[in-house]
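The following questions and answers are intended for a reader meeting this structure for the first time. Please consult the sequence and the structure shown here before reading on.

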Amino acid sequence: MPDYSLKIRRYNPESGQPAYWQQFDVDLAGCSCQAAICGSCGVRINGMSRLACNTKLGEAAEDAPNGAIVVEPMGNMPVLKDLIVDMDAVHWKKVQRVVPWLLPEGDPPDREYIVDPESMIDITQSMACIHCGACVSACLSMEVDPEFIGPAALAKAYRFVGDPRDAFTEDRLLDLAEDPHGIYDCTHCFACIEVCPKDVAPMNQIMRLRRRATSDYGIKDGNNGYGHEKAFSDLIEKYGLLSEAQLLPKSYGDGSLIRAQVKPAALKELTAKLPTVIRGLRSGKVSPKTALIHRKLKDQDQIRRMYKEVESHEDRLELNLYIVGDSDAEEEGTMAEGGQEG
Amino acid sequence: MLAHDVLVIGAGLAGQRAALAAAEDGAAVGILSKVHPVRSHSNAAQGGINAALNPEDSWESHAYDTVKGSDYLGDQDAIEIMCREAPAEILALEHLGVTFHRNEQGRLGTRAFGGASAARTYYVADITGQAILHVLYEQLMKHSEVYRYEEWFTTSLVRDGDGHIVGCVARNIRDGAMELFAAKCVILACGGNGQIYNPTTNALICTGDGIAMAYRIGAPLMDMEMVQYHPTTLAGNGLLVTEGARGEGAHLYNAQGERFMEKYAPNKMELASRDVVSRAEQTEINEGRGFPDGTVALDITKVPRKRIHEALREIVNVGRDFAGVDITREPIHIKPGNHYTMGGVKTDVDGRTDIPGLYAAGEVACVSVHGGNRLGANSLLDTLVFGRRSGKHAAEHARNHKLPQVSNTVVDDEERGIREIVGRDSGNGRRVAQIREELGRVMDEHVAVFRDEDGLLKAGETVQRLKEEARNVTIDDKGTVFNQDLLGAIELGFMLDNAECVVVAALERKESRGAQFRTDYPERDDDDWLKHIDLSLDGDRPAVTYSEVTLTQWEPEERKY
Ligand SMILES: Cc1cc2nc3c(=O)[nH]c(=O)nc-3n(C[C@H](O)[C@H](O)[C@H](O)COP(=O)(O)OP(=O)(O)OC[C@H]3O[C@@H](n4cnc5c(N)ncnc54)[C@H](O)[C@@H]3O)c2cc1C
Ligand code: SF4
Ligand code: SF4
Ligand code: FES
């Protein structure tokens, strides 16, 4: 293995000295599982929040400024020592905030709860969170408003809101909508989706919380998030919003969220996740080509088919892309694959 | 001094389940873990958890498979209990919120696993362990009466003059403070010792701390020679490809393209017991039919792509990120690798060890339900069933006992030991990482799938030398805040005790059974060796005794798959 040069931010609270930078020529070691499972090695590498253990040093070296890979502790959380941050003080406190346990009605049945199989797959996306804190570290809203409940904790909240066994869906939504630091505090910056090593796509979970709150329960929160959202989407309907549309192929097509087939099922999801863009598409202000075509997705017919599929659906579709692939799985040529970072 | 009725050391599935059970029964519970509970190694379990829950299935069938899988070394009374209680345990987890896979009817759905005569493995995609661990942790967050000490490292257990357990000494990793914890009973749930091997599927934290701490205060260990090699691990880094892959229909091939399991297990093929499949692979590799990198091929492309993405998603990632292979399109090279500690602290079916007030549950313990070979997806079940039983029994024990008086001198002793390590001159001794590396290699070379006396003796000598060297091991970090170097030095001591016991037991058992295959004694020998090997600390070496295997309804038979 070639040697890499690492520039690491050191801090020792016992020394009485401020943080300093130290250069090493070493292999970067993970903390425990070394397999992107335990979530204990979250850091920032070249400014990007991620797991140390699934970072390929060669790739990190390529986009390193001056050849030295810059390793810093995660952001938005106080540093305890060197690369270790206080996740209890921020992340876990916020998780605790969303009442993170199932609240079923009455006594459990004799056997299992009978629920729609899709609903379990759906919330398994949030269950996949390993609490590494990368999204918390990268969240722009959190930087501006440290009180923001934040991506990981809100994804955790969706795990209960989306769980048919939970009996307090409306209360949970009301609570999260009315909290000024709740679901309307997210600015759609996509950072959490981009950095999450487990494809939890926290922003999408937040958008689902919003849709459930507004469409299913008609919750008009005190922060006027509902009104804001509506105004926003009306605007887009009218003028289209190219910049946001362009975010889509980046965040999706590059594979940070979806690595598999972009095909009808996937497009359903895109529409459900970002109705605004689709409205943009429909209004003709954003062409599907500019909005959705990514260099890895060359098949025009495919796009057209997807488009048609979108148009033919009246209902909101809440399938998620955590688990992809349909029985009518597409052939190799239409794969919009990309290496997810890591 | 901190005091609790029941003190649980370890917050993986066994520890969390034990803590919840004890709290439900009214005990004041403290739970300690050297990493944040959700970072415990239980989160690595991908495949699932067994239970005979379907009306067509029966606990007897599950129990028979387990007995046979154990190569008749498992205690049948304990196995019966585990298999009988499994369905209720799964349902309890489901009610707490585990997002188990459902079938079309919305009921719990299963997948097939090795060594089982029915598809009885329940799962959550391929994050089963993580999903259960997180749901239990949700419950711990809810039950504020369970006091959590997260990122506390236990350095030793404490007994009183009568031999009762009275608590432990632990270090707050955040600030280095050493504290005495007094308790009416202690439940050890520290997990296994996979790190004494290199490579291993186990995380860096799996250093056998609990096994060593119990051994050091006189608790007997059992079946320590039984170390499971999992048939499908990546060469080099040891990462696991779940048995779920074979459960979903993946096949094994040698370099000549033969589906070699036809020779070794014509009926069950790839889904024979793990010891059988690992031995088959190793034989192919040793006889020159493997690939140049010392592997054979696992072909998952047989499994429909949708199914792969739905049920084996994590190994798609592992293949891509850590082996550079797209498992949906091409076979992946694998080999047997260290995976699981069947042996451990000897307990009864309520988790009680030979030391009054000390319990053990999960991978740290040896009940024994796994005997010579654990079946896939039986370990999560073991952690939960015996975690719960230990918690319940400990709560009962706590009701009938007073909080012990413990003198603070034990903390002084531990602190002195730590000052000594920190005070060593950095220039002199070997590094922790060097010794660990040598230990892992030697164990993987001589105490693996195939063993013989020569190799075991060599391994034994090396371990003794490493123990000497470890006494002078030096560390760089001399501080108190998050001093991982120091903890590494303490863990190294635990690991070497574990390794010594594994080697001694493997030398002792002069037959082949389950995971112990002695090329110099290739047959199973029920007349002389249908018994457990127990090890207790005597001076500074393990002394060997034997105990009987409990048979209830299944007489030992030849094992065929
Ligand atoms: C990759 C992999 C996949 C697996 N898949 C499956 C599967 O599909 N099905 C199945 O049934 N089994 C599976 N297993 C086995 C199973 O996961 C483990 O046996 C089981 O989770 C062990 O749980 P535990 O609670 O005993 O220990 P762990 O989960 O290892 O927890 C140990 C706890 O003890 C704490 N601890 C340790 N030492 C100290 C100390 N000195 N001080 C304080 N705290 C300490 C740790 O912090 C941790 O909280 C798998 C194992 C691996 C490695
Ligand atoms: S999308 Fe929202 S939650 Fe995610 S990082 Fe941006 S502001 Fe934070
Ligand atoms: S949502 Fe993703 S990035 Fe955020 S804590 Fe969970 S796993 Fe990490
Ligand atoms: S070491 Fe476990 S996620 Fe990186």
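Q: How many salt bridges does the rule find across the interface of domain 1 of chain A and domain 2 of chain A?
A: This is a predicted model. The rule requires a side-chain nitrogen of Lys or Arg within 4 Å of a carboxyl oxygen of Asp or Glu. Across the interface of domain 1 and domain 2 of chain A, the number of salt bridges found is zero.

Q: How many residue pairs are in polar contact across the interface of domain 1 of chain A and domain 2 of chain A?
A: A polar contact needs a pair of N or O atoms within 3.5 Å. With both residues at pLDDT 80 or more, the residue pairs found across this interface number seven.

Q: Which element gives the most to the side of domain 1 of chain A that touches domain 2 of chain A?
A: Two elements of chain A give two or more residues to that side, strand 3 (42-45) and strand 4 (48-51). The largest contribution is four residues, and the element that gives them is strand 4 of chain A.

Q: What area is buried between domain 1 of chain A and domain 2 of chain A?
A: In this interface, 18 residues of domain 1 of chain A are in contact with 20 residues of domain 2 of chain A. Carbon and sulfur atoms give 61% of the buried area, which is about 1300 Å².

Q: Which residues come nearest to ligand 2?
A: The shell around ligand 2 has 10 nonpolar, three polar and no charged residues. Helix 8 (191-195) and helix 9 (202-216) of chain A each supply at least two residues of this shell. Of the 13 residues around ligand 2, those that come nearest are A:C139, A:S141, A:C186, A:C189 and A:C192.

Note on methods
Residues numbered from 1 in each chain as written. Chains lettered and ligands numbered in written order. Predicted model: local features only at pLDDT ≥ 70, side-chain atom pairs only at ≥ 80, totals over all residues. Heavy atoms only, no water. Near = heavy atom within 4 Å. Nonpolar A, V, L, I, M, F, W, Y, C, P; charged D, E, K, R; others polar. Contact = heavy atoms within 4.5 Å. Buried area = accessible area lost by both parts, 1.4 Å probe. Polar contact = N/O pair within 3.5 Å; in protein donor to acceptor, adjacent residues only side chain to side chain.
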